[in-house]
Amino acid sequence: MAESKTGPAWTGNYLQDYGRRRGLMAWLTTTDHKRIGLMYMMAMFFFFTVAVMLGVLIRLELMNPGMQYVTPRVYNSLFTLHGVIMIFLFIVPGIPAVMGNFILPLQLGADDVSFPKLNLASWYVYIAGAVLALTSLFAGGGVPDTGWTFYAPYALRSGSNVSLAVFAAFVLGFSSIMTGMNFITTIHRLRAPGMGFFRMPLFCWGLYATSWIQVIATPVVGITLLLVIMERWLGIGFFDPARGGDPVLYQHLFWIYSHPVVYVMILPAMGVISEILPTFAGRTVFGYKAIALSSMAIAIVGYMVWGHHMFTVGMSDTARRVFSILTFLVAIPTGIKVFNWMATLYKGSIRIEPPLLWALGFVFLFSIGGLTGLVNGALATDIHVHDTAFVVGHFHYTMFGGAGVGLFAAMHYWWPKIFGRMYNRKRAIWAWGIFMVGFNVLYFPMLVLGIMGMPRRYADYLPRFHTPELISTVGSWILVSGLILMVWNLIRAIKHGEPAPANPWGGTTLEWQTTSPPPQLNFAVAPTVTTGPYDHTALRAAAAKEAQ
Amino acid sequence: MHDSHTTGGHAQPAAHGDGHAGDHAAHAPVATGTFVMVWVALLALTMVTVAASVWFPGKVGIGVAMVVTPIKAALILMWFMHLKYETAVFRVMFLSAIMILALVMGLTFFDYSFR
Amino acid sequence: MHAEGGTLGAAAVSPAAAAHHEHRDDIGSKTGMWLFLFTELLLFGGLFIIYAVYRHKYGTEFHEAAHELNKAMGVTNTFVLLTSSLTMVLAVGALQRARVAESLRWLGATFGLACCFLVIKFLEWSAKHHHGIWPGGEHLHAMPPGEGMFFNLYFMMTGLHGIHVLVGMGVMGSIAARIRSGHVSPSRYAALEFTGLYWHLVDLVWIFLLPLFYLTN
């Protein structure tokens, strides 16, 4: 509660209790952005674990042709749940709600976000949405089996509990909007003295672009999902061809949100990478303004390309051409970022540490994801690979290899700041190595399978797809081993790790100027800013002085 | 709806690229007469739209509505909603949001106009 | 939502900040409010896209169906809402000038006009309902697809708008209570100002609904 945080006598860090409330109640009623970030992290890890297990089950079923463990209907529910949980409960809120909440105010030199109570409310709304989503599994007509996209007209007809699942997604949208509103206002109003927009760390730029997408795009899917419920309830016929409606219009409205939202997933991850690379290259980022503005460019162009999800559904040819051309435009700002990152490393004094390895992993995997995206974006090739395992491979390279790995990179970068403890470096590197191998063994065969003609969302397949499917399933085991090692290493560090110094990596942004973990009010002395965010000269001078 | 007063410590006005100093109520209240005039204009414009749709149903009526309605919206936005008196940031933000909506609608019609 | 939330921690940090016993950032709050309004705008925006698509597809049927709507009621309601927007800005202006009683009177007038709007809307809807024109109703079901689409859109869009009017009335009620208790006052009137912004948005949406539904024939 706000009033309990006042009083100049307090000197502890944010992990310790303060004020009247203790223990769990202190956490559940906190308005501290750092604690809220951690609460998001805990909830999200729970859901991530569940969805990973569902994914492993899917892979198990696909290990051999024929049906082994589940019925086709259960298989449909498996991939629907895997998608719904991963997208709505993990990746969309992922980096913004966890790392954004924790790091954004610190990087801006602020005490908290602009609306701390709204921030707490957003967590509760997130939990409410999650509970609704879980309820939809057990109540009513059973587990939704529409796929995470809830496409009409099947979503209008399915006897499973689609209405509740759709409503859950609607509620989760609110949580997302609240976070977005909070971050935009915080960035506009609470930057430290001297920090103009172009002295903001690039992670903040990523979050700024993300927040705008959350605020502007989410309501469109909100109303669309409500209309699906109304359709199921009253039969209003907007998306029902039997009543003069157009199911393709549902796809338009769905992707008007859901395409921009893939940038909600990826832009913060790109921001994380733009933080990590300069730190471990020991030099300023190459092309600061280009990276900052390319985030905004991606956000804007991202609104104009949703049609590339619909090349085969019967859109007009004009629309297909326009959307295809616009899709290729997105590659420009993305390319700008990748080239600038590489230029940042060039002639830097590179230190190999786990965060850097994860960041490089991001660049590698995301590049594969981006390039395979162009195959989908081109009209002719898309006809061949649409709705095949190729698409599944592609978006796992971008979403998991991009946004997911970006989150892991962020965790390895900021873990010492968050918990004040260092994790085991060697184990972290091993986990990274195992993960990277497992990832490619898991998803690369999907690209091959897709080109061979293996459709997505099929529970069974022809024997000729067996070898790549088997390799892919083995990859899933390797990947999960890497994940388990990584998570164990991080969690172990919270209790047993070496105490972390304030600035273990030699970072230059403001969050490294306060203690690890930070005090409740973030900074003992309100910071002021006189240079750009990645100026290593002061650090280097200090190091030289120490050496003398 | 949400916190009417933001919290968070060192919001130093000097830091902000946008907005005047972190003051509140930077401007004097707008004169009542101005609002009444805006209201009269809104009523009159509504009458124009209705009259056009009654006397010239079809293309002309719709055309008038398409021109007049955005003007009415602008009156409300600029005076009643104070955008005229706010810093430019608010107008830029509003225009961006509207432009995105228009863009999205336009792109949707690349499909529906050419089916 | 609260009165004392503005004290978070400023005192602990620097002597300069400690000089303020309370920290307020009204421009920040207003930024947040406008962002909220954008989400509302885009919420209706989704429906406007659907309207545009089906009007494009079913132009003739839309014109036919629009004949069945009561133009006089639609126009009257427009006047009612426009006038309520005026009384709302006058309520804000009065509070800014420290005329609390006058502000409450204008707010009451706004509330009354909102009621009036809903009564007219109710009469309109029940007349339609009477004829079986209702989402899921048998008459609407039997209509040609395009006309059915028009009425379903009409009910969804005016329905969503009506919910916003109801919410607005609830907010006005609570603001009135807070003006009486002094929590919203001439020196901190942001909450009333934001209620006004929300109310004007409700008005703004209606301005577009009028020609889309009542004046299309």
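These exercises, with worked solutions, treat a predicted model. Local features need pLDDT of at least 70 and side-chain atom pairs count only at pLDDT 80 or more, while totals for chains, interfaces and linings use all residues. Residues are numbered from 1 along each chain as its sequence is written, and chains are lettered from A in the order in which they are written.

**Exercise 1. Judge the confidence in chain B.**

Step 1. pLDDT is the predictor's confidence in each residue, from 0 to 100. Its mean over chain B is 82. In that chain, 77% of residues reach 70 or more.

Step 2. Turn to residues 1-25 of chain B, where pLDDT is below 50. This stretch still has 86 contacts in the model beyond near neighbours in sequence. A contact requires C-beta atoms, placed from the backbone, within 7 Å.

Step 3. Where pLDDT is low, the predicted coordinates should not be read in detail.

**Exercise 2. Describe the secondary structure and burial of chain C.**

Step 1. Helices (H or I, at least four residues) and strands (E, at least two) are DSSP runs, numbered from the N terminus. Chain C has nine helices and zero strands.

Step 2. Of the 217 residues in chain C, 54% are buried. Buried means 20 or more other C-beta atoms within 10 Å; exposed means 12 or fewer; partly exposed lies in between.

**Exercise 3. Work out how H3(C) and H8(C) pack.**

Step 1. Helix H3 spans residues 26-57 of chain C, and helix H8 spans residues 145-180. Their angle is about 165 degrees and their axes are 11 Å apart. Axes are lines fitted to C-alpha atoms over the stretch in contact, with angles from 0 to 180 degrees between N-to-C directions.

Step 2. That angle makes the pair roughly antiparallel, a class for angles over 145 degrees.

Step 3. H3(C) contributes Leu47(C), Ile50(C), Tyr51(C) and Tyr54(C) to the contact. Among the H8(C) partners are Met149(C), Leu153(C) and Leu160(C).

Step 4. The contact residues divide into nine nonpolar, no polar and no charged. Nonpolar covers Ala, Val, Leu, Ile, Met, Phe, Trp, Tyr, Cys and Pro; charged covers Asp, Glu, Lys and Arg; the others, Gly among them, are polar.

**Exercise 4. Inspect the backbone at Pro153(A) and Lys347(A).**

Step 1. Most residues other than glycine have a negative phi, and most peptide bonds are trans.

Step 2. Ala152(A) and Pro153(A) are joined by a cis peptide bond, with omega about 0 degrees. Pro153(A) sits in the loop between helices H4 and H5 of chain A.

Step 3. Lys347(A) is not a glycine, yet its phi is positive, about 60 degrees. Lys347(A) lies in the loop between helices H10 and H11 of chain A. Lys347(A) is exposed, with 9 other C-beta atoms within 10 Å.

Terms used
Two residues are in contact if their C-beta atoms, placed from the backbone, lie within 7 Å. Angles under 35 degrees count as roughly parallel, over 145 as roughly antiparallel, 65 to 115 as roughly perpendicular and the rest as oblique.
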